[in-house]
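Hi everyone, thanks for coming along.

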Amino acid sequence: MSLVTEFETEAHGAEAASEQSIEGRSQWQLTWRRLRRDKVAMICIVVIVLIALLAILAPVFASLTHHPPDVTFPNTGTTSAGLPVAPGTNGFLLGTDSVGRDLLVRILYGARISLFVGVVTTVIAALAGVTVGMVSGYFGGIVDAVLARFIDAVLAFPYVVLALALAAVIGPSLPVIIAVISFFSWAAISRIVRGQTLSLKEREYVEAARSIGAGPWRIMFIDILPNLLAPVLVLCTLAIPAAIVFEATLSFLGLGIQEPTASWGNILSAAENYYQEAWWFVVFPAVALLITTLAFNLLGDGIRDAMDPRTERIFAAGRKQRRGRGRSSTDTSAAPAPAAPGATASGQVAG
Amino acid sequence: MVITRFLFRRILTGLIVLWVVATATFALFFARPVDTVARGLAGRAASPAVIENAVRQLGLNQPILTQYWHFMGKVAVGNLGYSYYNNESVNTIVKQDLPPTASLVAGGLVLWLIVGLSVGILSATRARSLFDRVATVGVLAGISMPTFVLGELLLLVVFLPLNEHGFSWIQDGYAGLSQGIGPWIGHMLLPWITLAMVQAAIYTRLSRSSLLDTLGEDYIRTARAKGLTERRVIYRHGVRAAMTPVVSQLGVDVGALLGGVVVVETVFGLGGLGQTAVQAVDTDNLPVIIGFVILAAAFVVIANIIVDLCYAFLDPRVRIS
């Protein structure tokens, strides 16, 4: 009985599939369909949009609470002992920081800076990384030898020490911090793009393009680039949280975004000495940062799974063996890239 | 002798990378107004005479190319220079600071491999299960938080309560192995956990995706077709082949971390290479910064060469060419 039903379902599925296949879908549409079935990824998208909205609306909160981000409230914002006041006192919803500023408003303003740093550094790193990687992989020869050694050199730089030294030498400011983080993020993207380009340039369609007289730049940007976008997108979603954490690390070492501008990094590093007296001072910014970076990281994983056409096949093979231990029809098998650069980057931030 | 030729080539390119790093570092820090360096050294309120004296002593008044030549000459024979402040050799400082850093990396490595690999393998064999979901979020939290917050939370939640109750085994700071293995572990335990929390995430991700990839290979199907037990298929055929990217990441990480685990060392006051580097940045002690940067780059380059060699031995499909 159940067998018949299964067959029927399968037959029905096959019919539906043949009907649908007439539409013809691009790689992106397929990816989006698969991603939409991934509940975790969809929740992540919603969370990221919400946080971006809150960041955009930060001035609204500031005017609603009458607590501008940079203004200290020595009378209402600190206790008689000079400590931050607890959440809910004197109209401070999440309490205050060490000098009596509204923590909620500062976290929302911090979101603007942290997201800005994350997105801008990632865009710069992706542009530089894709260009260098593609040129290096496509031209080969001496160009590749020089560029590949340069990429290796950047990857061999001890990240944190050099970032610190640079920030100290030039003086920490938003452009410097963005430049430093971008400089240490593009090489990882470059290395992977180079590897992909090396294999893509041997494909028939590139040969075809060459045979009709397309020049190298046309082939790179019209024929090869679209095929690189998928892995680069994944790398970007992983690079954004890494950059946010990197900024926080620089702040901890005293060379991140400087006061009075709020960033999650400098709020957290200011909270360092108040862990016991004012838990909210560390917990709320930490939660804000954790939710954001976690959402980007999980979304990156989700997109990677959705983009990999092998996922369903591998899962189907495994499912028979595992006697249905899995639950949905999409399985994960992440890209074969040996090192997710986002992950690598944050690993080195630890260093 | 394919191996010798391969080694020779890798060492040569490694040296080129080191030369680029050294030159870039030199350019970044020395190609700026001499006065900045000397003033940083002599103090803010120094008189012009004192500054001039400092400049002459350090050879900063010589042409930049002469300075570069001297600098590279010293680096080439393994002399990393001398601290501006007490004229201490950077090589001596390295000898003092390497043990805490190496202890941290060695212990952390064991922890993060145990956690990362076991969670990764379990996640891959139970993909999309509840365990997989929870484990993914759990380990991702490690790289989604700044390391200093993790470390300080551990100090707050573990170190302080334990010491308040007179249980003083777990400590911050560093105790060398010469003081006994007990105190050494007591001082290192929290730093190890902190480092492992960050690194385990990377290894979980890596081993999970690598094993999932491997389990889709034809030879796994063949192994199953032979009638091997699922356990044997996964552990003997799958995991073994899936380890190559893990080994390669491991080499790079160990190389990079040996150069100094800045944040963890600073939070726990271990005084390794990373913490000294931060202090050197604070005091504008250029020779120490440059020496450490070159040393750290050398670790990365050496680790990469070792990884390439291991790779060739681990995976017969990778040919040395």
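Helix 2 of chain A passes helix 13 of chain A in a right-handed crossing. By handedness I mean that a crossing is right-handed if the near helix is turned clockwise from the far one by less than a right angle, and left-handed if anticlockwise. Helices here are DSSP runs of H or I with at least four residues, strands are runs of E with at least two, and both are numbered from the N terminus.

Before going further, a word on the source: this is a predicted model, where local features need pLDDT of at least 70 and side-chain atom pairs count only at pLDDT 80 or more, while totals for chains, interfaces and linings use all residues. Residues are numbered from 1 along each chain as its sequence is written, and chains are lettered from A and ligands numbered from 1 in the order in which they are written.

Back to our pair. Helix 2 (residues 27-36) and helix 13 of chain A pack at about 125 degrees, with axes 8 Å apart; the axes are lines fitted to C-alpha atoms over the stretch in contact, and angles run from 0 to 180 degrees between N-to-C directions. The two helices are therefore oblique to each other, given that under 35 degrees counts as roughly parallel, over 145 as roughly antiparallel, 65 to 115 as roughly perpendicular and the rest as oblique. From helix 2 of chain A, Thr31(A), Arg34(A) and Leu35(A) meet Gly302(A), Ile303(A), Ala306(A) and Met307(A) of helix 13, where contact means C-beta atoms, placed from the backbone, within 7 Å.

How far apart are the end C-alpha atoms of helix 13 of chain A? They are 41 Å apart, which agrees with the 42 Å that its 29 residues (279-307) should span at 1.5 Å a residue; the expected span is 1.5 Å times one less than the number of residues. Helix 13 of chain A is also mostly covered, with 23 of its 29 residues buried. Buried means 20 or more other C-beta atoms within 10 Å of a residue's own, exposed means 12 or fewer, and partly exposed lies in between, with C-beta atoms placed from the backbone.

By contrast, helix 10 (residues 204-211) of chain A is hardly covered: of its 8 residues, the buried count is 0. After helix 10 of chain A comes Gly213(A), with a positive phi near 95 degrees.

Now Asp97(A), in the loop between helix 4 (58-65) and helix 5 of chain A. Is Asp97(A) buried or exposed? It is buried, because 26 other C-beta atoms lie within 10 Å. Beyond four places in sequence, its contacts include Arg106(A), Ile267(A) and Phe281(A).

Over in chain B, the axes of helix 5 (residues 90-125) and helix 10 (residues 230-258) come within 11 Å and cross at roughly 150 degrees, so these two are roughly antiparallel. That crossing is right-handed.

Finally, the whole picture. Chain A has 15 helices and 0 strands, and 47% of its 351 residues are buried. Chain B has 13 helices and 0 strands, with 44% of its 321 residues buried. The largest nonpolar core has 176 residues, and among the members touching the most others are Val161(A) and Ile289(B); such a core joins buried Ala, Val, Leu, Ile, Met, Phe, Trp, Tyr and Cys residues through C-beta atoms within 7 Å.

How values were computed
Contact = placed C-beta atoms within 7 Å.
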